[in-house]
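These are my notebook entries on one structure. I record what I looked up, entry by entry.

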Amino acid sequence: MRRIADVTAEALGIGGVRPLTVRTDDGVTLRGVLVPASAPVDPAITFVVAHGFTNGVAKPSSMRIAGWLSRFGDVRSLDFRGHGRSDGGSTVGGDGELRDLDAAVAAARADGAGAVVTVGFSMGGGVALRQAALGRHRPDAVVSVSAVARWYVRETRPMRRVHWLLETTPGRRLGARLLGLRLGEEWNPLPVSPIEAAALVAPTPLLLVHGDRDDYFPVEHFRALARAAGPSATAVVVPGFGHAENGVTAPLVERIGRWSSATIGS
């Protein structure tokens, strides 16, 4: 049977997509795709994409972003644990996903990647900050889009829905049945928060991106992350941009790609 990601890539006109499998240091098998650079690029960059909660490799929004990024280098996109075709249970941006992204960066380097840039969206944006600060295999640059600054955000309607999915029996059942989401163990202890991690990312180059119409995490989260990251980070609020993968446009991805190329090439 053809993988959903293959069908999505074909429908979007993205060629050369190859399956990708990575095993984490705690024994979880992650599955995803490698989208090769659409043309030779200099400097050579490998992007490792970290998706948002309930998103995944096979979603059209994720595959579209991979296609746009492939103008600037190879793109490796894996489903986090508990999502899509990967094994395990989601820790919702906690230490499990940090291990996932760490393994993905390590695998890219083992496969011959030169410069590695992690690009995270929403939950993945927080994971990218945490992995760049705390991981064993840190990237050469990190891009965090639509990230949360702190844990247990409930002040927006979309996040109250997310917590219903996480914390109630009907929500967990619905997430499993309709979204294919498998949840892991609850946090114990509490993981280092994205805002704490942001202060530890330097000297790794960091690009923070947020939309002024984000209905999950208001722009105050972005401002807090930017303050924590300090003056060495590049921080951009995009007018009209909503939230994460579903709100991203080709010009924004091009901006991310150009920043990455300029940063790695400098």
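I call a residue buried under 20% relative accessible area, exposed over 50% and partly exposed in between (1.4 Å probe, protein chains only). Leu 134, with a relative accessible area of 35%, is therefore partly exposed.

**Basis.** I note that this is a predicted model, in which local features need pLDDT of at least 70 and side-chain atom pairs count only at pLDDT 80 or more, while totals for chains, interfaces and linings use all residues. Residues are numbered from 1 along each chain as its sequence is written, and side-chain values use heavy atoms, with hydrogens and water left out.

**Surface patch.** I placed Leu 134 in helix α4; helices (H or I, at least four residues) and strands (E, at least two) are DSSP runs, numbered from the N terminus. Together with Val 192 and Leu 200, Leu 134 makes a nonpolar surface patch of about 220 Å². Patches consist of residues with over 30% relative accessible area and no salt bridge; like charges are joined within 9 Å, and nonpolar side chains (Val, Leu, Ile, Met, Phe, Trp, Tyr) within 5 Å. A salt bridge here is a side-chain nitrogen of Lys or Arg within 4 Å of a carboxyl oxygen of Asp or Glu. Accessible areas come from the Shrake-Rupley method with a 1.4 Å probe, and for residues only the protein chains shown count as cover.

**Cores.** I next looked up the nonpolar cores, sets of buried Ala, Val, Leu, Ile, Met, Phe, Trp, Tyr and Cys residues joined through side-chain atoms within 4.5 Å. The largest holds 44 residues, of which Leu 129, Val 201, Leu 206, Leu 208 and Leu 225 touch the most other members. Elements that each supply at least two residues of this core include β1 (18-23), β3 (45-50), α3 (95-110), α4 (123-134) and α8 (219-229). Another core, of 31 residues, lies apart from it and has Met 63, Ile 65, Val 145 and Val 253 among its members.

I then listed contacts (heavy atoms within 4.5 Å). Leaving out residues up to four places away in sequence, Leu 206 touches Leu 129, Val 142, Val 201, Ala 229, Ala 233, Thr 234 and Trp 259.

**Aromatic pairs.** I found three aromatic pairs in the structure. Rings of Phe, Tyr and Trp (its six-membered ring) pair if their centres lie within 6.5 Å; planes under 30 degrees apart count as stacked, over 60 as edge-to-face and the rest as tilted. The pair of Trp 151 and Trp 187 is tilted, because the centres are 4.6 Å apart and the planes stand at 55°. Trp 151 lies in the loop between β6 (141-145) and α5, and Trp 187 in the loop between α6 (169-179) and α7, so the pair ties together parts that are 36 residues apart in sequence. Trp 151 is buried at 15% relative accessible area, whereas Trp 187 is partly exposed at 26%. Ring pairs link Trp 151, Tyr 152 and Trp 187 into a cluster.

**Backbone.** Tyr 152 is not a glycine, yet I read a positive phi of about 60° for it. Its relative accessible area of 48% makes it partly exposed. Ser 146, also not a glycine, has a positive phi of about 60°, lies in the loop between β6 and α5 and is buried at 0% relative accessibility. I recorded a cis peptide bond between Asp 42 and Pro 43, with omega about 10°, and a cis peptide bond between Ala 202 and Pro 203, with omega about 15°.
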